[in-house]
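Hello,

Here is the structure you were going to look at. My notes follow below it.

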Amino acid sequence: MILIAARFETTAIPMPPTAIKKIEHLFKRVLFWFLKSILRDGNQAVRPVSPEKINSILILRPDKLGDMIATVPAIHALKKYWPNIRLEVIASPQNRIIINQDPAFDAVHVYSKNIFADTGLIRRLRKKRFDIIYDPICHDSITGLLLAKLIAPKAILVASRKMKFLPFYDYCEPYQPDGHDHNIDNGLLIFNLFGVSPSTIDPFSPPFIPAGSIAVGDEFLSKLPDDVIKIGLNIAAGRPSRTLPIEKYTTLIKLISTEFPKVRFVVFCTMDERNRGKALVQAFPDITFLVPEYLSILDVAAILRGME
C-alpha cells in the first residue's frame, strides 16, 4: 500500500481566538509564579526506580491527536514490560478517541479546559495517589506541571525535554533546541527512569483498532479487486494551502494509472472535502474508491491497515 498526502482529520476543531489564548497563558503564568514558592524541587537522585515498587502511572497528554498517537508506543511498551502497573491517561476531547478502547489504558480521563469540570477531575485523581506522573509534552507546559503538582504532589514527577521547568521534575531529559528526536523517541524516555535504555524499545506500535472499526475497513476493502496495487490518496490536509487543486489530483491519477494499470486509488477526505472526492470518483469511476461518510479516525486507520 502507498499513501499520498498522509494526513487525515475527522472534523475541523475550531481553535480558540488569539486573545482568549493569550489570557489563558497569562493566567497560568501568574498562577505558576504564585505557587512556585510552595512547589518542591525535583529529586534527581530518584533514579533508577524499581518497577516492582510502582503500582500506578498517570500520563499527561491533554493536547493534539498526533501527539497522543506518538505517545502510544511508550504506553504499549510499559504495559508489555510491566503489565501489573496501572496506566491511566489525561487526554483532550480531541485525542481521546484514539485510545478510548485501547486495553493498554486502564482509564482515560479528559481535561476539558472547563474550570468546574477540571476541578472535579483533579479531586477524583488526587484520591488515587499515583506513584508516577509522566508528562511527555516536549516543551515547558504550565498545564502539565500544574496538573502534576495538584494531582499528586508526592509522586515521582517524570517529563520529557523541559527547559525552565526542568528543576521541578524528579527525572527529565533537558530540552534540545537543535535535537532531532522524534516525538515517539521523546515519549520513550520514561524507560530511563527504570534503568532500561529507550533504544531497546520498539517505537513502531500503532494505535489499537477495535473489532468494529476492523469490520468497517474490511467491508469497504472487499469492494476492491484483490489483484491490484492500492494507493491511498488523502485530499484533506486541514488547510487549503496544504492540499492540491482538484485538477492536479486528476493529472496525478492519470499519470500513475497510465503507467501502472493495476493501480486503484482509495480517496480519503473530511466531510467538507466530500464533493472534491466525489469529483475524482466521477472522473475515474473504475479506478477510484471514495471512503464512506462519517468514519471515525479508527475506521480510517482500519482501512489503511487493510491496504498494507
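Strands β5 (residues 132–135) and β6 (residues 156–162) are paired in the parallel sense over 4 bridges; two strands count as paired if DSSP finds at least two bridges between them. Within this pair, D135 stands opposite A159 of β6. Helices (H or I, at least four residues) and strands (E, at least two) are DSSP runs, numbered from the N terminus.

This is a predicted model: local features need pLDDT of at least 70 and side-chain atom pairs count only at pLDDT 80 or more, while totals for chains, interfaces and linings use all residues. Residues are numbered from 1 along each chain as its sequence is written, and side-chain values use heavy atoms, with hydrogens and water left out.

The β5 and β6 strands belong to an open sheet of 6 strands with parallel pairing, in the order β4-β3-β2-β5-β6-β7. Because β4 (107–110) and β7 (171–174) stand at the edges with a single partner strand each, one side of each has no neighbour in the sheet. From one strand to the next the twist averages 15°.

Helix α3 (residues 115–126) lies across β2 (56–60), β3 (86–91) and β4, and runs at about 150° to β4. Axes are lines fitted to C-alpha atoms, for helices over the stretch in contact (heavy atoms within 4.5 Å), and angles run from 0 to 180 degrees between N-to-C directions.

V281 sits in helix α8 (residues 274–283). Its relative accessible area is 22%, so V281 is partly exposed (buried is under 20%, exposed over 50%, partly exposed in between; 1.4 Å probe, protein chains only). Leaving aside residues up to four places away in sequence, V281 touches T288 and L290.

Regards
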